[in-house]
Amino acid sequence: MRKLLFGLSLFLFLFLASVENSYACVCVPQDRNASLNQQVRDAYKNAGAVFSARVISIEEKPNLGENLITLSVIDVWKGPLAVNSTIFIKTGNTSSACKFPFVAGQSYLIYSY
C-alpha cells in the first residue's frame, strides 16, 4: 500500500485551488540510490501541496481525449487547500496521455507540483 501511495504521489499532477484546469503531466524519475524515506521527504519538500482526497466523480470526455476528475479534500499536510474543498483535475484518457486509473469513491494521497 505504501508503494502504491508513493507511486501515485510521483505520477499525479494537480493544480492548486486557484487553478481549474491542467493540460500536461510529468513523470518524475525515481532515484534508485535513495531510500524510500528519502524519496518521500524529497517529494514532500518539492511539492506545492500534499493532501489526501476522495474521488467524487469521473466524467469521461472521449471527444476531448480527457477525463474530468472531481475530488473532495480529506486532509492537508502542505499547501493552501482546505479540508472539504472540492477540486477538479483533467487527465488524459489514454495511458500515453497521462491517464491515471482513478476509481470513484477511492481516496488518494496526492503530491501536487
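How many helices and strands are there in the protein chain, and in what order do the strands form the sheet?

Analyst: This is a predicted model, and its protein chain holds two helices and four strands. Read from the N terminus, the elements follow the pattern α-α-β-β-β-β. The protein chain has 113 residues, of which 34% are buried. Of the contacts between residues at least 6 apart in sequence, 58% join residues at least 24 apart.

The sheet itself is open, and its four strands lie in the order β3-β2-β1-β4 with antiparallel pairing. β3 (86-92) and β4 (107-112) are the edge strands; each has a single partner strand, so one side of each is left without a neighbour in the sheet. On average, neighbouring strands of this sheet are turned by 45° against each other, direction ignored. As a general principle, the strands of a sheet pair through backbone hydrogen bonds, in either a parallel or an antiparallel manner.

Consider next the pairings made by β1. Strand β1 (residues 49-61) pairs with β4 over six bridges, in the antiparallel sense. Within this pairing, Arg54 has Ser107 of β4 as its bridge partner, and Phe51 stands opposite Ile110 in β4. Helix α2 (residues 36-46) packs on the sheet, where it touches β1, β2 (66-78) and β4. The direction of helix α2 makes about 100° with that of β2.

β1 is also joined to β2, by 11 bridges, and these two strands run antiparallel. One of the facing pairs is Glu60 and Asn67, the latter in β2. β1 and β2 form a hairpin with four residues between them. In the turn, Gly65 has a positive phi of about 70°.

In one, Glu59 pairs with Lys61, and the closest N and O atoms are 3.9 Å apart. Glu59 counts as partly exposed because its relative accessibility is 40%, and Lys61 likewise counts as partly exposed, at 23%. In the other, the side chains of Glu66 and Lys90 meet with an N to O distance of 3.6 Å. This pair links distant parts of the chain, as Glu66 lies in strand β2 and Lys90 in strand β3, 24 residues apart. Glu66 counts as buried because its relative accessibility is 13%, and Lys90 is buried as well, with a relative accessible area of 14%.

Finally, the loop between β2 and β3 contains Val83. Val83 has a relative accessibility of 46% and therefore counts as partly exposed. Leaving aside residues up to four places away in sequence, Val83 touches Val73, Ile74, Asp75 and Val76. The C-alpha atoms of Val83 and Val73 are separated by 5.2 Å, although the two residues are 10 residues apart along the chain.

Notes. Residues numbered from 1 in each chain as written. Predicted model: local features only at pLDDT ≥ 70, side-chain atom pairs only at ≥ 80, totals over all residues. Heavy atoms only, no water. Buried < 20%, exposed > 50% of the residue type's maximum accessible area, 1.4 Å probe, protein only. Contact = heavy atoms within 4.5 Å. Pairing = 2+ DSSP bridges. Axes fitted to C-alpha atoms, helices over the stretch in contact; angles between N-to-C directions. Salt bridge = Lys/Arg side-chain N within 4 Å of Asp/Glu carboxyl O.
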